[in-house]
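Welcome! Please take a look at the structure below, and then read on for a short tour of some of its parts.

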Amino acid sequence: GFWHGEMWNRRKDGELFAALQSVTAVRDASGRVIHYVSVFADISQIKAHEAELDRVANYDSLTGLPNRRLLSDRLNQSIIRSDRSGKLTAVCFLDLDGFKSVNDRLGHEEGDHALIAAAKILTRTFRVSDIISRIGGDEFAILVIDADEAMMEKLLLRFYRLINNYNARKAASFKLAISIGYAFYDPLKPTTLDEMISTADAMMYKMKKVRYRRA
């Protein structure tokens with residue numbers, strides 16, 4: 001005979017708005033429902049404020065990507081999912097090589113452009129179901145759901161192809177150079193979150209050293 005909660009409603013002009021609404025059944029002497037009385041309040045501003053707080057708490061202000069806090073939450077969820085499904089989860093770490101020199105030589109505005117470009121390339125590389133995050137400075141991390149070695153090789157080939165295409169088109173004074181490493185969570189050989197991060201981080205720096213030796 002009574003309901004109270006949040007719902008989406010629509011104004012006469014068709015615009016959607018969030019409402020806090022209660023509905024009460026009105027009965028006659030025999031207990032038969034004869035009317036419903038509904039009372040609501042428009043809470044659109046409250047919802048907009050909540051969304052802004054969520055954005056500030058969980059997303060990077062420059063790139064719009066999830067931040068370290070949200071990544072950690074999603075990674076813990078994916079490990080639970082892997083334990084249930086038996087499928088692998090991969091975590092990738094990457095950073096921009098020589099990023100400090102871009103900031104020092106060309107200024108922070110160009111450095112921001114490099115970070116935004118890297119974020120866009122990562123978004124084009126990985127799937128919608130994967131979580132791409134900026135975890136600080138020039139460091140990014142990607143959570144790849146239901147991954148395997150063949151998939152990771154395919155994704156990384158696509159990633160470096162997009163990097164090369166970007167560098168071939170860009171006429172500015174810097175080129176994007178990125179090192180990346182990854183590690184798997186295997187439910188049959190469970191590792192801790194810290195061990196996964198450490199393995200991916202070590203692989204990334206190993207790749208960086210190889211690149212510098214070749215250069």
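An open sheet of 4 strands runs in the order β5-β6-β4-β7, with antiparallel pairing. This is a predicted model, in which local features need pLDDT of at least 70 and side-chain atom pairs count only at pLDDT 80 or more, while totals for chains, interfaces and linings use all residues. Residues are numbered from 1 along each chain as its sequence is written, and side-chain values use heavy atoms, with hydrogens and water left out.

**The sheet**

- At the edges lie β5 (131-136) and β7 (178-185), each pairing on one side only.
- From one strand to the next, the twist averages 20°.
- Strand β4 (residues 88-96) pairs with β7 in the antiparallel sense over 8 bridges; two strands count as paired if DSSP finds at least two bridges between them.
- L94 stands opposite I180 in β7.
- Strands (E, at least two residues) and helices (H or I, at least four) are DSSP runs, numbered from the N terminus.

**The helix on the sheet**

- Helix α2 (residues 68-85) packs on the sheet and touches β4, β5, β6 (139-147) and β7; touching here is contact, meaning heavy atoms within 4.5 Å.
- The direction of α2 makes about 20° with that of β6, where axes are lines fitted to C-alpha atoms, for helices over the stretch in contact, and angles run from 0 to 180 degrees between N-to-C directions.
- The 18 residues of α2 should span 26 Å at 1.5 Å a residue, and the 25 Å between its end C-alpha atoms agrees with this; the expected span is 1.5 Å times one less than the number of residues.
- L70, L71, L75, S78, I79 and S82 are the buried residues of α2 (buried is under 20% relative accessible area, exposed over 50%, and partly exposed in between, with a 1.4 Å probe and protein chains only).
- N67 caps the N-terminal end of α2, with a side-chain oxygen 3.2 Å from the backbone nitrogen of R69.
- Just after α2, G86 has a positive phi of about 80°.

**A look at D42**

- D42 sits in strand β3 (residues 33-42), and it counts as partly exposed because its relative accessibility is 39%.
- Leaving aside neighbours within four places in sequence, D42 contacts R11, F17 and A18.
- The side chains of D42 and R11 are joined by a polar contact of 2.8 Å (a pair of N or O atoms within 3.5 Å; within protein, one must be able to donate a hydrogen and the other to accept it, and residues adjacent in sequence count only if both atoms are side-chain atoms).
- The D42 side chain also makes a polar contact of 2.7 Å with the side chain of S44.
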